[in-house]
Structure formats: C-alpha cells, structure tokens
Amino acid sequence: MAGNSDPHGSAFSAAEMEFLAEDELVEIVPNMRMDPINLICGDFGPFRPQIATQVPLWLAVALKKRGKCTIRPPEWMSVDKLTQLLEAERDTERVFQPLPFHYVEISRLLFDHARDDIPDIYMVKSLIEDIKDVRFHKIGTGLETISGRTNAVKLSNLSAMEVNIVRPFLAGALQTFYKLHNPEMVPESERRGSRRPQGADRGARRTLKPR
Amino acid sequence: MDDYESLIATTDAELLKRAWRNEKAAPEILQFETELVQRSREQIQLVEETVEEFTRNGIDPLTVSLYQMDLDRILFLLRSYLRTRLQKIEKYMFHIQKATELWNRLSKQEQNFAKRSIEDIEQHFEQSVLSKLPDRYKSHLKQSVTSEEDDMVPEPLLDTYVICRSKRFLGAFQLDERQLFYS
C-alpha cells in the first residue's frame, strides 16, 4: 500500500526552504561605509556606520561573517514575545499562532551566524524549540482526525518548514483515504494503484468493495 | 510593507522564484516562461560582465563578492527551474509527445531534447527487450496488440491533493456541498 502514496517525497529539500527564507528582510547596523549596490534582486544601501538599514538575510549573513555589521534580531525573537507565543500555542488546541512564515529557517540562520547579536540566546533557542514541538504535536493530533470523508484540510498559520515536512504525508494520506473510500469514483487508470501502469495485473486484482 | 511586497512581486527575480516553486510542486509540466527566462539570462549576463569589470578595476572585493552571491542565487533558480522541467520531460516523454497541448508547453530546445530522448529510448527498448518478445508484444507504447490504449506510457497523477497557501484571509468558503476542515 505504500506505493499508493505520493511518490515524490518532499517537493522541496530543507536547503531549498532555507534558500527561500534567505530573501526575507532583516535589519542590520553596518560598521563600515559602502555605496549602494544594485543587485538583480533589488537595490540596497547606502551603508553608513551605525545607521540601521534593511537587507535580505543572505546579505546580512555575508556581511556579518566578514565582521562588517551586527544583525538586529527581528522583534518576534525576544524572550517576552516568544514566551507569550508559547503560552498561546499551548493554550489553544487546534489553532496555530501566527508566526513568520520562515521562522524556523530565520532563527536557525541567526543562531548559526549571529550568536552575539541575540540577547538571552539560550532562552530564545529553547523557547523556539518548544514552540516547534507544540506545533508539531498539534499537527499530529489534527492529522488523526482525517477520515475518508475529509474533502479539504485547512491549516492556518503553518510555517514553511512545517508545510514542507507535512506535505508528502498529508497528500498521500488524503489520496489513499479517497481511493479506499470511493473505489467507484476513481478513474480506471488510477485503480491500477501506482504511478506505473500495471496492465498485467488488471485482470487478477480487483478493488475491494466496502462491506 | 504591503507596498514593498506588491512592488517586489513584479521583479523578475520574484517571478522566477514563483515559476520555480510552481514547477517543483506541480506533477505535470507547466508552460515554459520564455520571456522571463530570456530576460533573466540577459540580466545574468549583464551582472557577469559588471563583476568582471569590477575585478579589473580593483573595486573592493566585498562589493564584488556581494554581486557574485546575488548572481549565484539567480543562477541557481534558473538552473533548477530548467532541470526540474527536464526531469519531468524525461519521466513523461511519451505522454507529452502524444498531447499537443503539453508539447506546446515546451521550449524549442526542450522539444529537441524530448525528440532525441524518445528516439534513444525507443531504440534502447527495441534492441534490448522488444525485438526478443513474441510478435504480439513488440510495441513500446502498448502492453500487447490487444490493449485498447497506450498503457505502457506513464502519466503524471493529476488527481492528487494539492497544498496551497492563500495570501490573504479568505473567510469561509464552500467546496461543493460539504465543507470539512480542521484548523
């Protein structure tokens, strides 16, 4: 039966999700002078010492690595905000709290490259881990409620990484439920059961009707 | 922030990102973005020349490396976009060739690639397997002479569930008569 689910696996790799996240804007405080740069993805600068400016995350990390700036952590990444979020996340059973779409990737990149720019980094790290866990657990319990009669599943405020992890399983599970529940409604070519047509089996295998 | 978002949504970099995302997530091959790819190629070439000029003129290496990084990112998007499409063509080449609508979604070079791949695969099947099978089973498109359709041709599964992300809160809406969701 495993062959019936979506064979693609995740459509995107984790690295590709990070790539998308790297285009998010963050605030930096340069410690040098540089003229504006006109990149394909946009124009940024001019860069003046101690004057904050917004750049894409990949650029911020590049500058930070060369010791040319400090990165201001986004305002949702404070101990207070995150504690609030965690509580709200724990209190609501089936609702997800609004979080930046790429919060996992952004926090990961900042932890790796801008440790010294994040106040109370250990606290922040552990709070984000807890939030991640609570949300994943919610996804799990929510998935248990899917049945053959589910037409659509709505998950509000899910983040990019969570969507990407859940995607193959969710699509496959819904697909399998659909097939098992509505064998009459499944078109002939689908009934063979997998991506590759198995014409040789067509005579021998029959779909089971629910009793 | 909203204005910025709608502004950058129309840049070529953003359009290329969207085309890449869609192509990766869709099971079938989508329409080739000829103009977008053309414009991206031109921009890439321009930046490549700029970087060369900068290096010659001794512009500070930091600036040069930032331009180079931006260039690498766009190159990655473009290459991955083209590669994803090629993978789909390889997987479903017979199916694409049979359907004119799908065939027309390919670029000229992709169509050449598909034609040559098909010739190669046909020849390979013929030599290694099909010529040795009994007469009624020699086609690479049909299981046997008695098959009603081309059942040896893999097709992408178009009836699978999709996951989509709405940009704004849409409120409640109906999906046929029953609406069921958990959130």
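The structure is a predicted model, in which local features need pLDDT of at least 70, side-chain atom pairs count only at pLDDT 80 or more, and totals for chains, interfaces and linings use all residues. Residues are numbered from 1 along each chain as its sequence is written, and side-chain values use heavy atoms, with hydrogens and water left out.

Helices (H or I, at least four residues) and strands (E, at least two) are DSSP runs numbered from the N terminus. A:Thr53 is placed in strand E4 (residues 53-56) of chain A. At 16% relative accessibility, A:Thr53 counts as buried (under 20% relative accessible area, with a 1.4 Å probe and protein chains only). Residues up to four places away in sequence aside, A:Thr53 touches A:Val26, A:Glu27, A:Ile28, A:Pro30 and A:Phe47, contact meaning heavy atoms within 4.5 Å.

Helix H4 (residues 103-113) and helix H5 (residues 121-143) of chain A pack at about 155 degrees, with their axes 12 Å apart; axes are lines fitted to C-alpha atoms over the stretch in contact, and angles run from 0 to 180 degrees between N-to-C directions. H4(A) and H5(A) are therefore roughly antiparallel, the term for angles over 145 degrees. H4(A) contributes A:Tyr103, A:Val104, A:Ser107 and A:Phe111 to the contact, whereas residues from H5(A) include A:Ile121, A:Val124 and A:Arg135.

Terms used
Chains are lettered from A and ligands numbered from 1 in the order in which they are written. Angles under 35 degrees count as roughly parallel, over 145 as roughly antiparallel, 65 to 115 as roughly perpendicular and the rest as oblique. Buried means under 20% relative accessible area, exposed over 50%, partly exposed in between (1.4 Å probe, protein chains only).
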